[in-house]
Amino acid sequence: MRQIVLSLLVDNNPGVLARVAALFSRRGYNIDSITAGITNDPKYTRITVAVSGDNQILEQIRNQIAKLVEVRKIVELENNHSVCRELVLVKVMADKKEKQEIIAIADIFRAKVVDVAANSLMIELTGNQNKLDAFLNLMADFEVLEMIRTGITGLGRGVSTLN
């Protein structure tokens with residue numbers, strides 16, 4: 001099993017994201033991560049999908065996505081030729097002493113404290129999956145009240161574009 005990240009350029013029409021997601025559920029494939037957002041051209045949306053499987057399953061996924069009418073282009077975002085990031089927000093219960101420990105850990109990861117309350121901190125961190133996983137492993141020593149990850153998004157390096 002291996003994971004790939006596919007960047008899809010699709011028409012910015014209602015229901016496109018639902019059709020892409022439904023394609024996976026109909027075939028029994030799992031989506032590891034999916035994000036979508038408008039591009040610099042409002043006619044198009046970029047959908048970034050991370051999926052896992054063997055080579056045969058991954059090829060079937062590519063072929064099925066390519067059959068969707070609204071899909072204009074599909075590119076695999078390979079590690080050496082792209083930049084992929086994810087965002088995590090973590091709300092941690094913390095007294096005065098713990099706040100200093102958490103802030104020190106956040107500083108090491110170049111995370112930002114985005115909210116401070118009497119008994120909690122909220123931290124924002126962006127990076128690759130490994131960086132976020134390492135940070136969350138350290139946060140496991142504290143009482144995590146809430147946590148959300150956005151999913152992977154990315155762009156190819158250099159001047160090549162998906163458009």
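This is a predicted model: local features need pLDDT of at least 70, side-chain atom pairs count only at pLDDT 80 or more; totals for chains, interfaces and linings use all residues.
Is F109 buried or exposed? F109 is buried, with a relative accessible area of 14%.

F109 sits in the loop between α3 and β6, while F135 belongs to helix α4, residues 129-139, so the pair ties together parts that are 26 residues apart in sequence. F135 is buried as well, at 0% relative accessibility.

Next, helix α3, which covers residues 96-108. It has 13 residues, and from the first C-alpha to the last it reaches 19 Å, close to the 18 Å expected at 1.5 Å a residue.

Which residues of α3 are buried? They are K99, I102, I105 and A106. These residues cover an arc of only 130 degrees around the axis, so they lie on the same side of α3. As background, an α-helix has 3.6 residues a turn, so residues three or four places apart point the same way. The other side of α3 carries exposed residues, namely K96, K97, Q100, D107 and I108.

What do the buried residues of α3 pack against? Their partners are β5 (82-93), β6, β7 (120-127) and α4.

Now the two ends of α3. At the start, a side-chain oxygen of D95 comes to within 3.1 Å of the backbone nitrogen of K97. After the helix comes R110, with a positive phi, near 60 degrees.

My last stop is D11, in strand β1, residues 2-11. D11 is buried, with a relative accessible area of 15%. Which side chain does the D11 side chain join in a polar contact of 2.6 Å? That of R72. Leaving aside neighbours within four places in sequence, D11 is in contact with V16, K43, Y44, T45, E70 and R72.

Terms used:
Residues are numbered from 1 along each chain as its sequence is written. Side-chain values use heavy atoms; hydrogens and water are left out. Helices (H or I, at least four residues) and strands (E, at least two) are DSSP runs, numbered from the N terminus. Buried means under 20% relative accessible area, exposed over 50%, partly exposed in between (1.4 Å probe, protein chains only). A polar contact is a pair of N or O atoms within 3.5 Å; within protein, one must be able to donate a hydrogen and the other to accept it, and residues adjacent in sequence count only if both atoms are side-chain atoms. Contact means heavy atoms within 4.5 Å. The expected span of a helix is 1.5 Å times one less than its number of residues. The arc is that of the directions from the helix axis to the C-beta atoms.
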